[in-house]
Amino acid sequence: MSSSLPPQHTQVLIIGGGPAGSYAAAALAREGINVTLLESSKFPRYHVGESLIPSIRHYLRFIGAEEKMINYGFIRKPGSAIKFNQFKREGYTDFVALGHNNNAWNVVRSEFDHMLLNHARSTGASVYEQTKVESISFSAADPSRPVSVSWTHTPPPCPPSPPASPTNSAFSKFDSSHTPGYPASSVAKPQQGTTTFTHLIDATGRAGIMSTRYLKNRHFNASLKNIAVWGYWRNVGNYGSGSPRHGSPWFEALTDESGWAWFIPLHNGTTSVGVVMNEKKYKAKCLLPLPPSPFGDSTAQYSVDSTMVSRYLSNLSFAPGVVKLITRVGVLDEKSVKSASDFSYSSPSYAGNGYRIVGDAGAFIDPFFSSGVHLAMTSALSATATICASLRNHCSEGQAANWHTRRVSTSYTRFQVVVLSAYKQIRSQSDDILSDIDEDNYDRAFSFLRPVIQGASDMGARLSETELQKSLDFCVNLFNPTSPEQHESISRSGDVAPELLDVAGPVVNPAFFETTLNVGHGLTRKRSDSVDDRGNSSDSEKAHETRMVLNKINARRVVHPEYAINNLEQETLEGYVVKLEKGKLGLVKSTS
């Protein structure tokens, strides 16, 4: 029976089988490293977070899973639409403008996560489900270094069916009519054990066993303490139906400035519809009489048997665009409404001697920008590369651990500032955020932006609230209400230098746009024949449209490096970059 249980020793032990844990397991196994993954649940299991961003393709390609993703049948996501109250129309970010295969997907997470876990199995990782890690033990010689875990494994009911992993499981030899070692039709009892390891990867999600139980270093962002309530609908409309935008999710600021809503179509015939609201405002609303449902008498078709469901339906009235997409004939799935605290958090460190922390176990950012799975895979690949670097003597374990912390912190901070910029727009006010932003992380994440923000001021000055607010004002342009058609029109006009329309180009000082647009040369050519039947305003309207497009492209450059996996090879941290080559994965000294 011992081979059906986790081993007594493994090279790398991963706790948690979500996207971060599964990705790290697959990447390590493909490097020939003995890796064991312990997952407390039985997959498939439910999880929210259905909208992905285009970087998913690059990450899946590196572990050999891209074709599985393409062929699975998830809804293709060609872009995303975002509507702020300050604008009459939504802004649309076109992913496939950068290439037909630059799309992402909307996924049913239970299926997506299960696919990744099975892919990890197929690469040679040993996966044990229904195996809960109870505690972590540390070295007596070095109390900061974890050396073993104690676990409880719950076997499947007897007789068990052969599991897909581990590959050398004795289950595969069992006669289906009787299980050796168990009386026929007996109930298998949980079994306890201990596994030692060389390295540990904590991928335990928000539970974050290392950060919350042992390191106790989780920091919550004061300005992003929200509540999310969501449910699944059928027979609803679609954003962009019949157009190249079909499949794109819709995001919308709530009209009362308390948060935002999402509308994400899924391949199983349901649509995920959720509301994210400031925790204090949500609780204050709960003390007030229940507002009417935006669906009027049609609410009777829903089994509104709880206050939470009633408030969920009522709060959707603050998202008129979502209500319009749901339509009068949309039907809410029975008992699908769920809620969760949506507090953003981070930590000062995500690694140490013999361990790495990945995904939500270390940091979580509000899902407005759909960055959760991206950050999970970025941190998982960073953990894999730095463990390989340590085992292969590319650098010391201390250097490898520090590199991982820098990588996770830098990527997190980029998305954090972008999300905070969106909230500044949603709430129509400025919150003090200096206490939520680590200056060193900001320096690394926005080294290219600080000279633009600070202008001629002293670059040696410490990060200030004023500078952060300027950063938010810069990044919020990412959500400008422009369309792919406007971008294409400006590109075809020849009035704008091609390099200014390249999202992969360097960040440009916005003042340059203002100057050139005002004087009418350099950026756009002054044309005496531009007056049409709309009157003399056409030039100013054209300039306004061009300004919005250029500022949006400029803002996208802040996060664009995150969208390509080779950014890990190009962005130097602690003097090293990733060697992104199968069989040779690790860190190398930067030549730049």
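## A loop to start with

Let's begin with Ser370, which is found in the loop between β18 and α9. Strand and helix names follow DSSP runs (helices are H or I runs of at least four residues, strands are E runs of at least two), numbered from the N terminus. The phi of Ser370 is near 55°, a positive value in a residue other than glycine. Most residues other than glycine have a negative phi, and most peptide bonds are trans. At 10% relative accessibility, Ser370 counts as buried (buried is under 20% relative accessible area, exposed is over 50%, and partly exposed is in between, with a 1.4 Å probe and protein chains only).

A quick word on what you're looking at: this is a predicted model, where local features need pLDDT of at least 70 and side-chain atom pairs count only at pLDDT 80 or more, while totals for chains, interfaces and linings use all residues. Residues are numbered from 1 along each chain as its sequence is written, and side-chain values use heavy atoms, with hydrogens and water left out.

Look for Thr327 in the loop between α8 (320–326) and β15 (331–332). Its relative accessibility is 27%, so Thr327 counts as partly exposed.

Then there's the peptide bond from Phe43 to Pro44, which is cis, with omega near 0°. Pro44 sits in the loop between β2 and α2.

## Rings that meet

The structure holds 21 aromatic pairs (rings of Phe, Tyr and Trp, taking the six-membered ring of Trp, pair if their centres lie within 6.5 Å; planes under 30 degrees apart are stacked, over 60 edge-to-face, and the rest tilted). Phe368 and Phe479 make one that is edge-to-face, at 5.5 Å centre to centre with 75° between the planes. This pair links distant parts of the chain, 111 residues apart: Phe368 is in the loop between β18 (355–357) and α9, and Phe479 is in the loop between α13 (465–475) and α14 (484–493). Both Phe368 and Phe479 are buried.

Phe369 pairs with Phe415: the ring centres are 5.7 Å apart and the planes are at 45°, so this pair is tilted. It too links distant parts of the chain, with Phe369 in the loop between β18 and α9 and Phe415 in helix α10 (residues 397–427), 46 residues apart. Phe369 is buried at 11% relative accessibility, and Phe415 is buried at 0%.

## Charges over rings

Arg206 lies over the face of Phe364, 4.0 Å from the ring centre. The charged end of Lys338 sits over the ring of Tyr46, 4.6 Å from its centre.

## Strands in the inside

Strand β14 (residues 271–278) has eight of its eight residues buried, so it is largely enclosed by the rest of the structure. Two strands pair if DSSP finds at least two bridges between them. β14 pairs with strand β11 (residues 219–234) in the antiparallel sense over eight bridges, with Asn226 partnering Asn278. β13 and β14 form a hairpin with five residues between them, and Gly269 in the turn has a positive phi of about 90°.

Strand β1 (residues 9–15) has five of its seven residues buried, so β1 is largely enclosed as well. Six bridges join β1 to β10 (residues 191–202) in parallel, with His9 partnering Thr196. β1 also runs parallel to β2 (residues 35–38), over four bridges, and Leu13 stands opposite Thr36 there.

## A covered helix

In helix α2 (residues 55–62), six of the eight residues are buried, so the helix is largely enclosed by the rest of the structure. The buried ones are Ser55, Ile56, Arg57, Tyr59, Leu60 and Phe62. Their cover (contact means heavy atoms within 4.5 Å) includes α1 (19–30), α3 (66–72), β6 (104–106), α4 (109–122), α9 (372–391) and α17 (567–570). Just after α2, Gly64 takes a positive phi of about 75°.

Definitions and conventions:
A charge sits over a ring if NZ of Lys or CZ of Arg is within 6 Å of the ring centre and within 35 degrees of the ring normal.
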